[in-house]
Amino acid sequence: MNPMPLSGKRRREDRGRRRPAVSAALTLAATVTAAAALVSCGSDSDEPSSANSRTVSDRPTAPDSSSFSEKTASPLKSQASEAAESARASASEAEASASERADEFEASVSADTERANQAAESALKGVDGRGNAMPDVSMTGKPRSETGGVLASVVTFTNRTDKTADFAVQVDFVDASGKVVETRYVGTQNLEPGKRAQRYAISHEPPEPKLSAKLVKAQRY
């Protein structure tokens, strides 16, 4: 057997020494690759979890009903309040207007009545006796239950002539002895032919002592 050249022997020894190093390098590379794979798997497995976590946290929540209703209802309440206030103002204005019209009408009627009564008093000052219109005037007592306890009589005037005329009467309120306690003058003006008019003779005396109304004079002029 021929002895192996020295150079060939050395090459075999070198290869023998390199094999463990290569094996170690391959083993290390495999280990690194496996670790990377585990990390990758771990990352892959965590991603769904993170996605799930984001899905849960990103889920829309129900609005705060109290805050929502308050913000929404506030304009509506304001509008309703303004509408109610406007309605109350309109009703108040209408009531005030009606009251003013009633007051004006009552004042105008009272003024006309007062003027007629003053005219009647003036017309009767120069009249002697009972006057020329006693047959054209009648008087009826008014129940106190209908006048709030006030003593009042209804005086009825009838124009039996063919001309427009004014009438004046004197009504005395007398006590049980016939003493005149109070005198009132009642009149009506511009009474057309054939027409009738009614006026009140009202006593301003207290309920006691009891008085009665007496037609004293009646004048047409």
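Me: Why is Glu146 called exposed?

Reply: First, keep in mind that this is a predicted model. Exposed takes a relative accessible area over 50%. Glu146 has 55% relative accessibility, so it counts as exposed.

Me: And what makes the contact of Glu146 with Lys142 a salt bridge?

Reply: The rule wants a side-chain nitrogen of Lys or Arg within 4 Å of a carboxyl oxygen of Asp or Glu. For Glu146 and Lys142, the closest N and O atoms are 3.3 Å apart, so by that rule the pair qualifies. As for the idea behind it, side chains of opposite charge can pair when their charged atoms come close.

Me: Why is Lys142 called partly exposed?

Reply: The label covers what falls between the buried cut-off, under 20%, and the exposed one, over 50%. Lys142 comes in at 26% relative accessibility, so partly exposed is its label.

Me: How many salt bridges does the rule give in total?

Reply: The count is 3. Another one joins the side chains of Arg160 and Asp136, with N to O at 3.0 Å. Arg160 is in the loop between β2 and β3, while Asp136 is in the loop between α2 and β1, so this pair ties together parts 24 residues apart in sequence.

Me: What labels do Asp136, Arg160 and Arg220 get for accessibility?

Reply: Asp136 has a relative accessible area of 8%, which is why it is called buried, the limit being under 20%. Arg160, at 58%, counts as exposed. Arg220 has 24%, so it counts as partly exposed.

Me: What makes Val150, Tyr200 and Ile202 a nonpolar patch?

Reply: Patch members need over 30% relative accessible area and no salt bridge, and nonpolar side chains are joined within 5 Å. Take Ile202: its relative accessibility is 35%, so it counts as partly exposed, and that value passes the 30% cut-off. Together, Val150, Tyr200 and Ile202 make a patch of about 240 Å². Ile202 sits in strand β5, residues 196–202.

Me: Which element gives the most to the lining of the largest pocket?

Reply: That's β5, with 5 residues. α2, β4 and β5 each supply at least two residues of the lining. Tyr200 and Ile202 are among the lining residues, and so are Thr113, Arg184 and His204. The pocket's volume is about 210 Å³.

Me: What kinds of residues make up that lining?

Reply: It divides into 5 nonpolar, 4 polar and 3 charged residues.

Me: Last one: how many helices and strands does the chain have?

Reply: There are 2 helices and 6 strands. Starting at the N terminus, the order is α-α-β-β-β-β-β-β. Of the chain's 221 residues, 20% are buried.

Terms used:
Residues are numbered from 1 along each chain as its sequence is written. This is a predicted model: local features need pLDDT of at least 70, side-chain atom pairs count only at pLDDT 80 or more; totals for chains, interfaces and linings use all residues. Side-chain values use heavy atoms; hydrogens and water are left out. Patches are made of residues with over 30% relative accessible area and no salt bridge: like charges are joined within 9 Å, nonpolar side chains (Val, Leu, Ile, Met, Phe, Trp, Tyr) within 5 Å. Accessible areas come from the Shrake-Rupley method with a 1.4 Å probe; for residues, only the protein chains shown count as cover. Helices (H or I, at least four residues) and strands (E, at least two) are DSSP runs, numbered from the N terminus. Buried means under 20% relative accessible area, exposed over 50%, partly exposed in between (1.4 Å probe, protein chains only). On a 1 Å grid over the protein atoms alone, a cavity is a set of points where a 1.4 Å probe fits but cannot get out, and a pocket is an open set with protein on both sides within 12 Å along at least five of seven lines; lining residues have an atom within 4 Å of a point. Grid points are joined across faces, edges and corners, and a volume is the space filled by probe spheres set on the points. Ala, Val, Leu, Ile, Met, Phe, Trp, Tyr, Cys and Pro count as nonpolar, Asp, Glu, Lys and Arg as charged, and the others, Gly among them, as polar.
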